[in-house]
Amino acid sequence: MSSVRVVLSAAPDPAPFSTLADWWARYRVLAEGAGSSIDAAILGGFAGDRMAAAFAAGYQAALRALVPDLPSDRVVSFCVTEKGGGHPRAIATRLSSRGAGRFSISGEKRWATLSADAGLLLVVAKAGEDASTGKNLLRVARVAAPAPGLRLVPMPDTPFVPEIPHAEVFLDDVEVTEADLLPGDGYERYVKPFRTTEDLHVNAAVAGYLVREARLAGAERGLVARLASLLAALRELSKSEPTDPAVHVALAGILVALRAIVEEVAEPFQKAAPERYARFARDKAIFGIAESARVQRFERAWEQLAGG
């Protein structure tokens with residue numbers, strides 16, 4: 001409960017978000033002192049003055065929950081989505097063997113979060129096809145940035161959380177080695193669980209951010225207490241396997257409760273800090289991203305639980 005205690009007791013003085021480089025320098029200190037990835041997300045959200053800081057903290061923390069040995073000194077971007085989307089069958093980026101433990105990656109990615117500022121990309125690539133099913137066999141490769149054959153092109157700002165940049169990633173025979181390939185199936189071990197892992201960490205960071213804004217606004221203690229209970233629940237869920245259907249059901253309930261609090265905190269937040277609230281009102285559209293996928297995940301979880 002250390003991070004929950006901190007956000008309830010520490011001085012709620014937000015650090016202004018100027019550049020991603022400045023944010024990263026501050027977040028690294030918080031993350032290195034946190035007890036876990038979820039604590040890093042909560043503390044990162046609490047320390048920032050906007051949703052962008054919370055999202056970035058949650059995203060980086062989620063990646064380190066997914067791949068615990070990621071370097072602590074570099075921003076990381078998970079590059080999955082292509083022109084046809086992020087489903088395994090849409091992945092056309094190709095991982096090709098060059099012999100003697102050497103490989104090359106060629107292809108294109110879109111909407112790669114924070115990739116323009118990243119020192120390391122996790123690139124999902126097709127390594128072949130399953131002979132019996134014809135399904136793509138995926139691997140995830142670490143690609144250091146910059147690298148020969150790697151080109152990043154900024155994409156337009158999104159209408160919400162515009163401080164978080166995205167880029168198109170072009171890979172032209174980018175060389176990697178066997179040591180750069182993450183172990184296991186790229187879809188089952190990384191792509192599939194990441195949506196849940198990201199939801200846990202990003203929403204924990206947002207709840208941490210809202211605790212600070214609620215405290216600064218003098219919101220009722222009961223509302224702050226409910227946010228603290230959601231943080232405690234998210235911390236507990238983060239200890240479970242992200243593919244567990246019970247986690248998906250519980251997470252859906254937490255997200256409903258968090259959205260209700262978002263509406264309740266609006267009045268005191270707007271009165272206390274109209275400029276920061278206006279930014280928050282713009283950015284809260286982020287809650288609707290991938291909502292259809294969450295609904296499908298929720299329904300599928302109930303079906304799995306009913307089937308034993």
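Modeller: Helices (H or I, at least four residues) and strands (E, at least two) are DSSP runs, numbered from the N terminus. This is a predicted model, where local features need pLDDT of at least 70, side-chain atom pairs count only at pLDDT 80 or more, and totals for chains, interfaces and linings use all residues. Residues are numbered from 1 along each chain as its sequence is written, and side-chain values use heavy atoms, with hydrogens and water left out.

Colleague: Why is Arg50 called buried?

Modeller: Buried means under 20% relative accessible area, exposed over 50%, and partly exposed in between (1.4 Å probe, protein chains only). Arg50 has a relative accessible area of 12%, so it counts as buried.

Colleague: Which residues is Arg50 in contact with, leaving aside its neighbours within four places in sequence?

Modeller: With those neighbours left aside, Arg50 is in contact (heavy atoms within 4.5 Å) with Phe17, Glu163, Tyr209, Arg212 and Arg279.

Colleague: What about Ser3: what makes it buried?

Modeller: Ser3 lies in helix α1 (residues 2-9). Its relative accessible area is 1%, so Ser3 is buried.

Colleague: What joins the side chains of Ser3 and Arg235?

Modeller: A polar contact of 3.5 Å. The term needs a pair of N or O atoms within 3.5 Å; within protein, one must be able to donate a hydrogen and the other to accept it, and residues adjacent in sequence count only if both atoms are side-chain atoms.

Colleague: Now the rings. How many aromatic pairs are there?

Modeller: Rings of Phe, Tyr and Trp (its six-membered ring) pair if their centres lie within 6.5 Å; planes under 30 degrees apart count as stacked, over 60 as edge-to-face and the rest as tilted. By this rule the count is eleven. Take Trp24 and Tyr27: their centres are 6.0 Å apart and their planes are at 35°, so this pair is tilted. Trp24 and Tyr27 sit three residues apart in helix α2 (residues 20-33), so about one helical turn separates them.

Colleague: And why is the pair of Phe78 and Phe194 called edge-to-face?

Modeller: Their ring centres are 5.2 Å apart and the planes are at 85°, so edge-to-face it is. This pair links distant parts of the chain, with Phe78 in strand β1 (residues 76-79) and Phe194 in helix α5 (residues 186-216), 116 residues apart. Both Phe78 and Phe194 are buried.
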